[in-house]
Amino acid sequence: MRKLVFHIGPHKTASSYIQKSLSDNFEFLRSKGVLYPKRWRDFLWGHHSLVTDIMNFENRNEVVSDLVDFLNEEFKQFNTVVFSSENFEYWTAEQIQSLNAVNNMEIEIVYYVRKHSGLAFSAWQENIKHGSTKSFSEFLFKHFSQPFTSTLFNYLLVLKKFSDNLPNAKLNIVVYDNLLKEKIDIAEHFFSNVLDINFSQNRMDKVNTALSSIDIEIIRVLNATYGFRGIKGSDYIRNKFIKNKSLYKEELSILKISSSDFVEEISFNDNMFVSNTIYKNLMEKFSEYCVNSAEEALFIENGAKEYNVISSDIWLVSKNKYCLDKIVSILDSLD
């Protein structure tokens, strides 16, 4: 049976790492009858263009027809085709239903779940990298003020959307933290569990790694600074800041030393009512699709994490404000 795999992320569950592994092993996969298409593949090795093309209402039918033709041709040579993008979760019910036009093949949806305690901080950093100006506390309040409508924390929103609108698709839910706990490489598990290929690769460096607390705070304020000028925050600002660090090395050194006086510690416990309820709801509705959950719970163990973030009060100190202004001035000069 021909198999079409949609790895739908979500964000901050090693999606980029999986995508890079699939991309780097393109020829090896082809030799095993698996295609990780170069078509629609773009930024950070994922098929984000396919997501946006189908989200485009004006030409969706044309894109779906093109996708069907593409698959019919490729399945003459391959047994499995894999598409991967953590942005698939943004598809509406109608957009997901359009995949029902793909006939005569098994569709598998692969989704990873991660404990809130690790997911929250990582997702907040990612938002800052892409232009957000919210502090970690503001970010948490946004999601926990209505946790059951948050696609970040309530996994069931995405899973139910796909299962309801692709009723014949197979769900494959992988518990991210359990793989880490058992020291299983996430990409190797994807190859074996999803693609049925025994594969061992040289362990790669992490992809899209976390930044230091002071770097994140600087980028957050840069997003706000440029936002006041009408320049929408984006990963362009973050990339520009990171790329040119050598130009303001002295200022960064001062800010790094000063930041130790402005550290705020924020705790996050997976045993809190909201998190526990969402974990239990997932097990009640989708436990049969969880390939590596614990015997009677989603995670092998819950726990708590403490995070250090830099208070915005750091910018009330004149020398720190001067350093920030100097960084902004240097970045402006590079335009």
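**Ground rules.** I am working with a predicted model, in which local features need pLDDT of at least 70 and side-chain atom pairs count only at pLDDT 80 or more, while totals for chains, interfaces and linings use all residues. Residues are numbered from 1 along each chain as its sequence is written, and side-chain values use heavy atoms, with hydrogens and water left out.

I began with cavities, a cavity being a set of points, on a 1 Å grid over the protein atoms alone, where a 1.4 Å probe fits but cannot get out. The count came to one cavity of 30 Å³ or more. The largest cavity holds about 40 Å³ of space, where a volume is the space filled by probe spheres set on grid points that are joined across faces, edges and corners. I then listed its lining, meaning residues with an atom within 4 Å of a point, and found Phe121, Trp124, Ser213, Ile216, Glu217, Asn308, Val309 and Ile310. Helix H6 (116-129), helix H11 (213-228) and strand S7 (304-310) each supply at least two of the lining residues; helices (H or I, at least four residues) and strands (E, at least two) are DSSP runs, numbered from the N terminus. By class, this lining has five nonpolar, two polar and one charged residues, with Ala, Val, Leu, Ile, Met, Phe, Trp, Tyr, Cys and Pro counted as nonpolar, Asp, Glu, Lys and Arg as charged, and the others, Gly among them, as polar.

**Open space.** Next I looked at a pocket, which is an open set of points with protein on both sides within 12 Å along at least five of seven lines. The second largest pocket has a volume of about 150 Å³. Among the residues that line this pocket are Leu99, Val102, Met105, Ile107, Leu166 and Ala169, together with Asn100, Asn103, Glu106 and Asn168. I sorted the lining into six nonpolar, three polar and one charged.

**Helix H12.** Which residues of helix H12 (residues 235-243) are buried? With buried meaning under 20% relative accessible area, exposed over 50% and partly exposed in between (1.4 Å probe, protein chains only), I found Ile237, Arg238, Lys240 and Phe241 to be the buried ones. They lie on the same side of H12, because they cover an arc of only 165° around the axis, the arc being that of the directions from the helix axis to the C-beta atoms. The exposed residues Tyr236 and Lys243 sit on the face of H12 turned away from its buried side. The cover over the buried residues of H12 includes H6, H11, helix H13 (249-259) and helix H15 (318-333).

**Helix H8.** In helix H8 (residues 155-165) I noted Tyr155, Leu156, Val158, Leu159, Phe162 and Asn165 as buried. Their cover includes helix H5 (93-97), strand S4 (106-113), H6, strand S5 (170-175) and helix H14 (273-286).

**Cysteines.** I searched the whole structure for disulfides, pairs of cysteine sulfur atoms within 2.5 Å, and found zero. Cys290 counts as buried at 11% relative accessibility, and Cys323 counts as buried at 3%.

**His143.** I placed His143 in helix H7 (residues 136-144). His143 is buried, with a relative accessible area of 12%. Leaving aside neighbours within four places in sequence, His143 is in contact (heavy atoms within 4.5 Å) with Ser150, Leu152 and Phe153.

**The loop between H9 and H10.** Ile184 is found in the loop between helix H9 (176-181) and helix H10 (186-193), and Ile184 counts as partly exposed at 33% relative accessibility. Lys183 is in the loop between H9 and H10 and counts as exposed at 74%. I also noted that Lys183 has a positive phi of about 55° although it is not a glycine.

**Other backbone angles.** Most residues other than glycine have a negative phi, and most peptide bonds are trans. Phi of Trp45 is near 75°, and Trp45 lies in the loop between strand S2 (34-35) and helix H3 (48-55). The peptide bond from Gly9 to Pro10 is cis, with omega near 5°, and Pro10 lies in the loop between strand S1 (3-7) and helix H1 (15-24).
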